[in-house]
Amino acid sequence: MGEAQPVANEELEKLKLEIKKLKRELKHKSKDNEILRMANEQAVHAQEFIQRENARQVFYTRQLLKTSPYLLILTDEKLFTVMTSDIYYQFGSCNRARIQAGVHLKEALDGIFPDEELEDFLEKCEKTLAGEFIESYLIQGDFFGQRQDLQVNVKSMKQDGVVIGLNIMFVDMTQVVDAKERAEAADIAKGNFLANMSHEIRTPMNAISGMAEFILRDSDDEAAKRHAAMIKSASRTLISIINDILDFSRIESGKMEIVEDDYKLSSLINDVAAMTRIRLQETQTELVLDIAPSLPENLTGDEVRVKQVLINILGNAVKFTKEGSITLRLRQEKLDEEHCRLIFSVKDTGIGIREEDQAKLFSSFSQVDTRRNRAIEGSGLGLAISRSLVEMMGGKIRVFSVYGEGTKFTFDIISRVKNWEGIGEIRKKAAPGAVKAFQASFRAPEAGILVVDDNEMNLDVAAGLLHPYSDNVTCVMSGAEAMVCFAGHDYDVIFIDHMMPVMDGVETMEKLRKMPGGKETVMIALTANALNGAKAEYTAAGFDDFLAKPVSPRILEEMLRKYLPSGKIIENGKENGEASKDAAGEKSAAGGVSGKQSEKEQETEGENEAVLSALRNIPELNVEKGLSYCLNDSAFYISTISKFVKRAKDHILDDQLKEEDWDNYLVTVHAVKGNLLTIGAEEVSREARELEFALREEKKDYVSEHHETFIKRYRALLKACRAALQP
């Protein structure tokens, strides 16, 4: 018994320990159960939240599909429907149950879309499922029972990177398309209105300006002369405003382009300085030129637009500077071996601009400080146009001004440099002086040159311009004649007019290219339509280059020097000068004959001056411009005027209009336009150009309505020229 007691106690202790252990485990289990209970409650709450959220999402999705004005379709990867917006059920052939059960797109959309459009749409859906990106596109036709423009959007739906279906939306763009078409039509109407108004206003304004010029010339009444001068000044201002409005309209419509060509910087500065000095004649203001001599002389860019910006800014300075100075400063920053940044600045000592007004300085149709500047004329577009042009040429325009002290405008443009030869001392080049006749810098007596043009006057002018260079100039009036000449002679350069009847310039060039030696011969297009991108168009057609009419003697020489074989070019240098002196000496030694010739030459020169004086009295004629196209040679110019009169085409145009022979009318009016430009009748030429371009755009009614107006002006010019040519 004594031994059994310790054993029992030991067992009891073990049981106690086991009980404690079980209690601890029970406690842990109770905690675990509590955690599980809490987790279960949270899961229930989460499930309830998800159910509520799902129900909420389903509700909003249902509302979206129910109220959406667009046709929405979700499909699976086999193009079977999953759901659609409710608008479908108004026009589709399947009910909601069928759509949700899954109907192929072709069946679902059958009857809503034309078969051709539907097949194209299904093909795009298949491509999207295959991973190809399809841009939104527009389809036009009868949809949902009415004529509509629909934008189609097809996007893939992915899950874990795998395409599981498509999200398709059809958006009604009818109103947007209609609005766009109306806006485009309005823009076209605005352009036509501006062009027509320009024409209608210019015609009487030119007459007003011309009559004012007659009064200034013929009247002895000083008061009448003052009034006529005011009329002429006002008419010029109005024409300038019209030009600004037309330029601004072109910029707004995106039709203004930068046309790059080679030009000389000194010539640009010279022209701008001369025009500005004329405007400063009646003021106490001096024009100062600060031009760096190291600036490159030979550049490539849009000389006309650079001039326009400079003239706008300098003109603005002239308006607001009554005394003191206007300084034109020009520097350059070399960008690389072929480009530089030209940095212009115009600083004046004028009235200045208030700080609060500077922000609206470049706004359209605005003029700052209007109370103070009430007498200043202008459209308020010059600076707005200038900013747009500068930005189109890769630069920016800025203004700095102190009110009451003056203003400084700066702008920069990026220009291509032909070579880095410096411009030199510009003050000497820009000094006012007499216009000198253009002198050929070389001869190429052995060079063969062929000119093809159906217009006799153009051929005469071309022959006169080419005479100083070569003794082998051939002129023909058709493509067929050109082919005959080319077959029997070697030519280095062929100039071919574009607009010719029967066989035009492009066709002539193509046929000459196919003849032996044609591929190697330089062929240059002649055109009176030097429009934007003309050079690229003609070179793409197969020409080596193009030359605009009226032909500039300087540009013609540059082109001849570029394309004639260098071995045939003889520079006009010292040897030629000595030979000329020897020839002159021989003539002098001929005794009395030389004296008689001198008297005859003097008599002829006097007659020419009398004719030129009479021609200068014709308001429609810019004699100086015409002379520039004729080497500033008065005899050459008068001969050109004479041929212009003898070869008048007014009756031909009348007959072509009566017979509605529009093709030949186009060729004839194109030729007349070029002839008018060559003699300097720029405004009459512009009217011919409007007729030509109206016919190109099939606006025959415009031609019929405006033909008589043009013919009257053309005949008046012919009559005036005939009178001026009389001894």
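**Figure 1. Contacts along the whole chain of the predicted model.** Among contacts (heavy atoms within 4.5 Å) between residues at least 6 apart in sequence, 65% join residues at least 24 apart. This is a predicted model, in which local features need pLDDT of at least 70 and side-chain atom pairs count only at pLDDT 80 or more, whereas totals for chains, interfaces and linings use all residues. Residues are numbered from 1 along each chain as its sequence is written, and side-chain values use heavy atoms, with hydrogens and water left out. The secondary structure comprises 24 helices and 19 strands, taken as DSSP runs numbered from the N terminus (helices H or I, at least four residues; strands E, at least two). Of the 727 residues, 40% count as buried, a term that stands for under 20% relative accessible area, with exposed meaning over 50% and partly exposed in between (1.4 Å probe, protein chains only). The chain exposes about 40,700 Å², of which carbon and sulfur atoms supply 52%; these areas come from the Shrake-Rupley method with a 1.4 Å probe, and for residues only the protein chains shown count as cover.

**Figure 2. Strand 1 and its antiparallel partners, strand 5 and strand 2.** Strand 1 (residues 71-76) pairs with strand 5 (residues 162-172) over six bridges, and three bridges join strand 1 to strand 2 (residues 81-84); two strands pair if DSSP finds at least two bridges between them. Thr 75 stands opposite Leu 166 in strand 5 and also opposite Thr 81 in strand 2. Strands 1 and 2 form a hairpin with four residues between them, and Leu 79 in the turn has a positive phi of about 70 degrees.

Figure 3. Strand 17 (residues 522-527) pairs with strand 18 over four parallel bridges, and Thr 527 stands opposite Ala 548 in strand 18.

**Figure 4. Helix 22 packed with helix 24.** Helix 22 and helix 24 (residues 700-725) pack at an angle of about 35 degrees, with their axes 13 Å apart. Residues making the contact include Trp 662, Tyr 665 and Val 672 of helix 22 and His 707, Phe 710 and Tyr 714 of helix 24. The residues of this contact divide into nine nonpolar, two polar and one charged, where Ala, Val, Leu, Ile, Met, Phe, Trp, Tyr, Cys and Pro count as nonpolar, Asp, Glu, Lys and Arg as charged, and the others, Gly among them, as polar. Thr 668 lies in helix 22 (residues 662-679) and is buried, with a relative accessible area of 9%. Not counting residues up to four places away in sequence, Thr 668 touches Lys 649, Ile 652, Leu 653 and Gln 656.

**Figure 5. Lys 396 in the loop between helix 10 and strand 11.** The loop lies between helix 10 (382-392) and strand 11 (397-402), and Lys 396 counts as exposed, because its relative accessibility is 53%. Lys 396 and Asp 412 are 16 residues apart in sequence and 5.9 Å apart in space, C-alpha to C-alpha.

Terms used:
Axes are lines fitted to C-alpha atoms, for helices over the stretch in contact, and angles run from 0 to 180 degrees between N-to-C directions.
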